[in-house]
Amino acid sequence: MVNTPNSKPTQGQAPTLGELRNEIDRIDRAMHELLIERSGIIDTLISVKKSNETGSAFRPAREASMMRLLVERHHGILPLDTVESIWRVIIATFTYVQQNYSVHVDLSSGDALVRDSVRFHFGYTVPVVQHVGASAVVDAVANSRGDLGLVRAEAVAGGKAWWKALEGDGKPKIIARLPFVERGDHPAALPLFVVSKPLPAEAAVNEVEVWSVHVAGWNTSVARALAPLAEVTAQPDSGFDSAALLISVPQSRKVEQVLESLKEAGASVRSSALVGGHATRYTVPPKA
């Protein structure tokens, strides 16, 4: 049998190495052609969405949905890490094609985990701008046309309450939490908030609301009382026992419940402001 670019293994016979390679080449061509076809649709989408308007082309609600579906339909020997990273680069790159943007990150500590997460989620086409401090990231987003900022979702020793700059109308907001898919062995597992200028209502997702709360009387007892209700990042605020809190309230709770629990635990709530939201974390069950 003569191998041709389109030849397939004959049924009932073990395929030859040449036939298998031809099949791989055929699939590679098909995938490339589909990406080109996808880019044509994006080209049309640009005119439909009029994405030259001010604001990010990032659509976290749709991205979260796409990544969940990807995990649910995946099977076979190909690692989920590979599939997720490929799709993340495809999504981030086509978003960039719709409307150029940069990703601003805090690399003041030379954090390798942050670098890995940026490249996993955004690839190498999207420009990355380094900053010293999370506040500088938020400022850069506020002064940009439609850029994104990545800020650690965990407390950093010696850090500041950068989320204060998200309070108020028209200020940047938290629009997503990375990674969209969580599992114990994730190669880019570092929790990161994505910050951008406010998105249109249809593009945003607020399954988890994120609130900036200022309290007096903050201590370990209050923190323990709050732990079962919501995720909390705390930084010292002005005053002896004052704290600035970033509280992620899940769908199963209301912020009023959280604030009431703070008061019952002995804290005094000075102010609260909604500073964004994100999709509920999609967790892949551990392998049996």
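Student: Is leucine 259 buried or exposed?
Tutor: In this predicted model, local features need pLDDT of at least 70, side-chain atom pairs count only at pLDDT 80 or more, and totals for chains, interfaces and linings use all residues. Residues are numbered from 1 along each chain as its sequence is written, and side-chain values use heavy atoms, leaving out hydrogens and water. Buried means under 20% relative accessible area, exposed over 50%, and partly exposed in between, with a 1.4 Å probe and protein chains only. Leucine 259 has a relative accessible area of 15%, so leucine 259 is buried.

Student: Which residues have the most contacts inside the largest nonpolar core?
Tutor: A nonpolar core is a set of buried Ala, Val, Leu, Ile, Met, Phe, Trp, Tyr and Cys residues joined through side-chain atoms within 4.5 Å. The largest one has 35 residues, and elements supplying at least two each include helix H3 (80–98) and strand S6 (192–196). Those with the most contacts inside this core are Tyr101, Phe122, Leu150 and Val194.

Student: What is the volume of the largest cavity?
Tutor: On a 1 Å grid over the protein atoms alone, a cavity is a set of points where a 1.4 Å probe fits but cannot get out, and lining residues have an atom within 4 Å of a point. Grid points are joined across faces, edges and corners, and a volume is the space filled by probe spheres set on the points. By this rule there is one cavity of 30 Å³ or more. The largest cavity has a volume of about 70 Å³.

Student: How many residues of its lining are charged?
Tutor: The lining includes Arg68, Arg177 and Phe180. Asp, Glu, Lys and Arg count as charged, Ala, Val, Leu, Ile, Met, Phe, Trp, Tyr, Cys and Pro as nonpolar, and the others, Gly among them, as polar. The lining of the largest cavity divides into six nonpolar, two polar and, as charged residues, three.

Terms used: Helix = DSSP H or I, 4+ residues; strand = E, 2+ residues; numbered from the N terminus. 1 Å grid on protein atoms, 1.4 Å probe; cavity = no way out; pocket = protein on both sides within 12 Å on 5 of 7 lines; lining within 4 Å.
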